[in-house]
Amino acid sequence: MRTRLLTTSLLMAALAVFLAGCMETAPKAAETTQAAPAPAQASGPTFGNPSPNAGTSTSNKANAAADAAAYKEVAYKNANKKGPALIVIPGDIKSANATFTQKFSPNNIADFGELELSQANFTVLERANLGHLLNEITLAYNLGNVAQARKTMQVGKLKTTKWIVKFDILKAEQIAANTKGFDGQAIGGLIGSLSGTRGGYATGQVVGSVKTGDSTGVWLIGMRYKIMNANTTEQVAQGYKELKMEVGATSTSVMGISESAKGGVGLDTMIQRLIQTAVWDIDAKYK
């Protein structure tokens with residue numbers, strides 16, 4: 001009897017060890033399921049700022065200025081309505097301003113035009129797909145050559161083209177500038193010499209170290225858009241838009257501690273904003 005009980009106890013102990021081993025080696029439920037994919041970002045991808053100044057007051061101010069000038073999509077009024085097929089040809093830059101003409105070419109402006117017209121739901125036949133035909137099209141419509149225009153528009157996808165659109169820069173000039181500043185050197189020296197005391201001399205030194213300066217320049221940039229009938233070269237519509245561009249700089253220095261800032265909307269941004277304003281007109285009035 002005692003032998004039977006001993007045997008039973010040994011069997012129960014062995015069974016317990018076996019079950020414990022199985023439980024330890026069995027995979028856990030969490031290990032057998034794959035991790036759930038990260039939820040999609042509703043606002044698009046975000047990126048970090050590797051600058052050593054990230055989070056400082058200078059970084060925050062500079063980023064706030066950059067955010068105000070950053071590209072923003074326009075909710076065009078009739079974007080839900082499909083627009084006619086069109087081609088954007090390089091326009092003319094009438095301005096003689098050297099800064100502008102060195103930075104921009106008609107092709108740059110036409111690129112912006114294609115982008116925004118596509119955003120407004122027009123069927124845009126990109127110039128890159130036209131090859132050598134682009135020069136023939138541009139020449140025909142700039143000269144108003146009806147025969148050449150009709151001949152060119154009988155090729156492939158060009159048959160469905162209804163409009164030829166161009167954007168011309170008619171004005172780009174700095175029309176105003178203003179500066180103001182303070183240099184405390186003269187006043188500080190006067191305070192120090194008249195006071196005759198150590199405290200007055202120290203005050204004069206502080207005032208003499210103060211230097212401030214502000215400068216602002218304002219540009220006017222004007223753009224004309226022109227829509228032409230693709231078959232007849234006749235003008236369908238035109239419009240003119242003009243926007244101000246302000247650039248500025250400010251600086252302050254007191255007792256060797258200085259602070260400065262400069263910025264404003266650049267020429268690239270101004271051209272894109274003018275294009276957006278012109279496309280808004282085209283989308284609202286002529287679609």
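**Ground rules.** I'm working with a predicted model, where local features need pLDDT of at least 70 and side-chain atom pairs count only at pLDDT 80 or more, while totals for chains, interfaces and linings use all residues. I count residues from 1 along each chain as its sequence is written, and side-chain values use heavy atoms, with hydrogens and water left out.

**Cores.** I looked up nonpolar cores, meaning sets of buried Ala, Val, Leu, Ile, Met, Phe, Trp, Tyr and Cys residues joined through side-chain atoms within 4.5 Å. Buried is under 20% relative accessible area, exposed is over 50%, and partly exposed is in between (1.4 Å probe, protein chains only). The largest core has 31 residues, and Phe167 and Ile271 have the most contacts inside it. Two or more residues each come from strands S1 (85-89), S3 (163-183), S4 (211-229) and S5 (235-254), and from helices H5 (106-119) and H10 (267-285). My helices (H or I, at least four residues) and strands (E, at least two) are DSSP runs, numbered from the N terminus. H10 gives the largest share of this core, eight residues. Another core lies apart from it, with 15 residues, including Ile137 and Tyr141.

I picked Gln272, which is in helix H10. Is Gln272 buried or exposed? It counts as buried, at 12% relative accessibility. Beyond its neighbours within four places in sequence, I found Gln272 in contact (heavy atoms within 4.5 Å) with Tyr71, Phe112, Leu115 and Glu116.

**Aromatic pairs.** Rings of Phe, Tyr and Trp (its six-membered ring) pair if their centres lie within 6.5 Å; planes under 30 degrees apart are stacked, over 60 edge-to-face, the rest tilted. I searched the whole structure and got two pairs. Tyr76 and Trp280 have ring centres 6.4 Å apart and planes at 35°, so I wrote down "tilted". Tyr76 is in the loop between helix H3 (57-69) and S1, and Trp280 is in H10, so this pair ties together parts 204 residues apart in sequence. Tyr76 is buried at 5%, but Trp280 is partly exposed at 35%.

Phe122 and Trp163 make a tilted pair too, 6.1 Å centre to centre with 40° between the planes. Phe122 is buried at 3%, and Trp163 is buried at 4%.

**Last look.** What sits over the ring of Phe122? I found the charged end of Lys287 there, 4.7 Å from the ring centre. For this I needed NZ of Lys or CZ of Arg within 6 Å of the ring centre and within 35 degrees of the ring normal.
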